[in-house]
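Thanks for coming. I will walk through one structure this morning, starting with a pocket and moving on to strands and a few single residues.

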Amino acid sequence: KNITIERNMFENTGIEEITLHGSCNIEEKSFSECENLKKITITGDSENIKIANQAFLNCTALEEISFPDNSDVMINTMAFRNCISLKNFTISGNAAIMANAFRYCDNLETISISGNAQLSTNAFLDNKALTNIFVNTNNTLDGSAFNGCSNLMNINSITAFNSQNNTLAPELESFILNNFNGSENVGFINLYIQSQADKIVSEYTNDNMSDIQKAKALHDWICNKVYFEHEDPDNPKTQNDGSVFMNDSTICEGYAKGYDLLLKAAGIESLYVHSSSHAWNIIKLGNQYFHVDTTWDDGDNISYEWFLKSDSEISSETSSHSKWSAAM
């Protein structure tokens, strides 16, 4: 049986529980603003379940959702946005989940998808309570769906990053490196990237070096490690903090964010700065501030043309450096 709940049908009503039998199509805002809705149950041999944009938007009392086994579930943008009472979400089948579908679900702790998970970037954006996801690690997964999930530390109840020996869990390492490359502010990725920065600093600098020598050594490490990505510069993996640690190529954002992490790990004050078309760093050595552009110093041979420039020097030489903003 195919069921369609039409757009706005139950919007802003006092409904407390929903039970649907069969495949269903829940249209836009059909249950949005239902602040008393606590439980959704879909039963039967449901092959296809479609939940449209904002279908359950602001259902702040929603605690439980259950789907039939082996169903294909399509969840669109902001479908469950601001469902702040939802703690667990399980699909024992395939799922396609769009951007911001679960944004502001501030108490969502676990997610389980046993089948193929086609997740869009930011599907679970900024869910700070999320600590564990259950997924099939034999399948591909877009880790950027979990951008901003800064407390996500477990996959299938396995601690993803071991802080004792600074390694990814062996049974998850390949899955994580292949699927979370390009994600932003994900808990276990943050720990992994920081451990990589600390490792590089320990290997390429020492206490007998001055801050200038350390800054130069880390500048050189980045220029030797990566090259500028011309073919796919818009790929998210070229623009985040982990870019230089997880890839062979990056763009200016990746160069500057990676250098910023390395400098801070070495105890050197640094800022990631950007103009409308470029990104680089301002670093503090002694009581002086200097600009360093590792992107433009990279090439067949390492250059120092853009290493330790004053404000006046860098702003007068190219339009890309003429104005800048700092990202703290």
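The largest pocket is lined by Ser183, Glu184, Asn185, Ile189, Asn190, Ile193, Gln194, Asn240, Asp241, Gly242, Lys257 and Leu261. A word on origin: this is a predicted model, in which local features need pLDDT of at least 70 and side-chain atom pairs count only at pLDDT 80 or more, while totals for chains, interfaces and linings use all residues. Residues are numbered from 1 along each chain as its sequence is written, and side-chain values use heavy atoms, with hydrogens and water left out.

The pocket search runs on a 1 Å grid over the protein atoms alone: a pocket is an open set of points where a 1.4 Å probe fits, with protein on both sides within 12 Å along at least five of seven lines, and a lining residue has an atom within 4 Å of a point. The space in the largest pocket comes to about 170 Å³, a volume being the space filled by probe spheres set on the points. Helix α2 (187-204) and helix α5 (252-265) each give at least two residues to the lining. Helices here are DSSP runs of H or I with at least four residues, strands are runs of E with at least two, and both are numbered from the N terminus. The largest share of the lining, four residues, belongs to α2. By class, the lining holds three nonpolar, six polar and three charged residues. In that count Asp, Glu, Lys and Arg are charged, Ala, Val, Leu, Ile, Met, Phe, Trp, Tyr, Cys and Pro are nonpolar, and the others, Gly among them, are polar.

Next, threonine 238. Its place is the loop between β17 (227-228) and α4 (243-246). Is threonine 238 buried or exposed? Threonine 238 is buried, because its relative accessibility is 1% and buried means under 20% relative accessible area with a 1.4 Å probe, protein chains only. A polar atom of the threonine 238 side chain lies 3.0 Å from the backbone oxygen of proline 233.

Now the strands. Six of them form an open sheet in the order β1-β3-β5-β7-β9-β11, with parallel pairing. Two strands pair if DSSP finds at least two bridges between them. At the edges are β1 (2-5) and β11 (117-119), each pairing on one side only. Inside this sheet, β3 (residues 23-26) runs parallel to β5 (residues 48-51), and three bridges join the two. Isoleucine 26 stands opposite isoleucine 51 in β5.

Threonine 41 takes us to strand β4 (residues 39-43). Threonine 41 also counts as buried, at a relative accessible area of 14%. Strand β2 (residues 17-21) runs parallel to β4 and is joined to it by five bridges; leucine 20 has isoleucine 42 in β4 as its bridge partner. β4 also pairs in the parallel sense with β6 (residues 64-66), over three bridges, and there lysine 39 faces glutamate 64 as its opposite. From threonine 41 to glutamate 269 is 228 residues in sequence and 54 Å in space, C-alpha to C-alpha.

Last, an antiparallel case. β19 (residues 270-274) and β20 (residues 279-285) pair over five bridges in the antiparallel sense, with a hairpin of four residues joining them. Serine 270 stands opposite isoleucine 283 in β20. β19 is also joined by three bridges to β23 (residues 325-327), again antiparallel, where histidine 274 is opposite serine 325.

Key:
Buried < 20%, exposed > 50% of the residue type's maximum accessible area, 1.4 Å probe, protein only. Polar contact = N/O pair within 3.5 Å; in protein donor to acceptor, adjacent residues only side chain to side chain.
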